[in-house]
Amino acid sequence: MGPAGNCITAKEKGTIGSFRRISELGLNAQEIEFVRSIYMQPKMAEEVGEVAKELGISLSVHAPYYINLNSQKKQIIEASKKMIFDSADRAERMGAGAVAIHSAYYSGFTPQQTYEKTKEGFLEVLDKMKSAGIKNVKLGVETMGRWSQFGSLDECMKLAKEIDIIPFIDWSHLFVRGKGTIDYGKVFDVLKTLKLKHIYSHFQNVEKNKKGEFVDVHKPLDHSPPFEPLAKEILRKKIDITIICESPIIEADSQKMKEIFNSLGYKL
Ligand SMILES: [Zn+2]
């Protein structure tokens, strides 16, 4: 459990300062946000990984937002593959378990065409990762909350069954796709068929637009979706999971989630 990006309340700036703050707060994970750029050189990723290990912080990485493996433009697809590869390279060096990826937009193609193109892109990156000896980190195809984006749970599952990637579960995105509903237990039942050792996920709340529909705009934890039923389901099913908080108050809400687990009798 921990923040997406560096803690806002860290005294020292930068990733390592954030790790120290995470330890102070009794949290144990952080996602490294390469969402705007892959700002870490390979050596820095290794150093950051060492400190995380010393402090018992597990890591994941978020790949850039600009990725679209199904773009109409060839150069964007090529750049996307490179961004996924570079994110995976840094993630492997820092000992992160998974990379969250917003893989594609439908970009005017059918869902089936989008699926094929996205799969093809991932296969190329996986090949390149294999040649480069990257073997521990998993590419995670994120469940997406916008209708223009590839990434329903079904699409992520199908891809994970066919190639060596994992679904990266964003709970609030699934809640938006479910038009303000989510059955946590059902999602775990679907995931179970993949026999994953560990599940990587994001949790935050989302806003409603003027029409009263939930949209993928992140907000602090409240009840859309509620966290406690998810925590209960995790404990009941004994799920091994990382939950990264992507709310605007990343560490405060991470602590809130931790307290909910505590109140259910589970000590983080
Ligand atoms: Zn994401």
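**Stop one: the second largest pocket**

Keep in mind that this is a predicted model. Start by selecting Asp240, Ile241, Thr242, Tyr266 and Leu268: of the 16 residues lining the second largest pocket, these lie nearest its centre. The volume here comes to about 280 Å³.

The largest share comes from β10, with 3 residues. By class, the lining of the second largest pocket splits into 10 nonpolar, 4 polar and 2 charged residues.

**Stop two: Glu233**

Stay with α8 and pick Glu233, which lies in that helix. Buried or exposed, what does Glu233 count as? It counts as buried, because its relative accessibility is 13%, and the cut-off for buried is under 20%.

Next, show the side chain of Arg236: a polar contact of 2.7 Å joins it to the side chain of Glu233.

**Stop three: the largest pocket**

Finally, jump to the largest pocket, with a volume of about 440 Å³. Select Val35, Arg36, Tyr65, His218 and Glu246, the closest to its centre among the 20 residues that line it. How many residues of each class are in this lining? The lining of the largest pocket has 7 nonpolar, 8 polar and 5 charged residues.

Conventions:
Residues are numbered from 1 along each chain as its sequence is written. This is a predicted model: local features need pLDDT of at least 70, side-chain atom pairs count only at pLDDT 80 or more; totals for chains, interfaces and linings use all residues. Side-chain values use heavy atoms; hydrogens and water are left out. On a 1 Å grid over the protein atoms alone, a cavity is a set of points where a 1.4 Å probe fits but cannot get out, and a pocket is an open set with protein on both sides within 12 Å along at least five of seven lines; lining residues have an atom within 4 Å of a point. Grid points are joined across faces, edges and corners, and a volume is the space filled by probe spheres set on the points. Ala, Val, Leu, Ile, Met, Phe, Trp, Tyr, Cys and Pro count as nonpolar, Asp, Glu, Lys and Arg as charged, and the others, Gly among them, as polar. Helices (H or I, at least four residues) and strands (E, at least two) are DSSP runs, numbered from the N terminus. Buried means under 20% relative accessible area, exposed over 50%, partly exposed in between (1.4 Å probe, protein chains only). A polar contact is a pair of N or O atoms within 3.5 Å; within protein, one must be able to donate a hydrogen and the other to accept it, and residues adjacent in sequence count only if both atoms are side-chain atoms.
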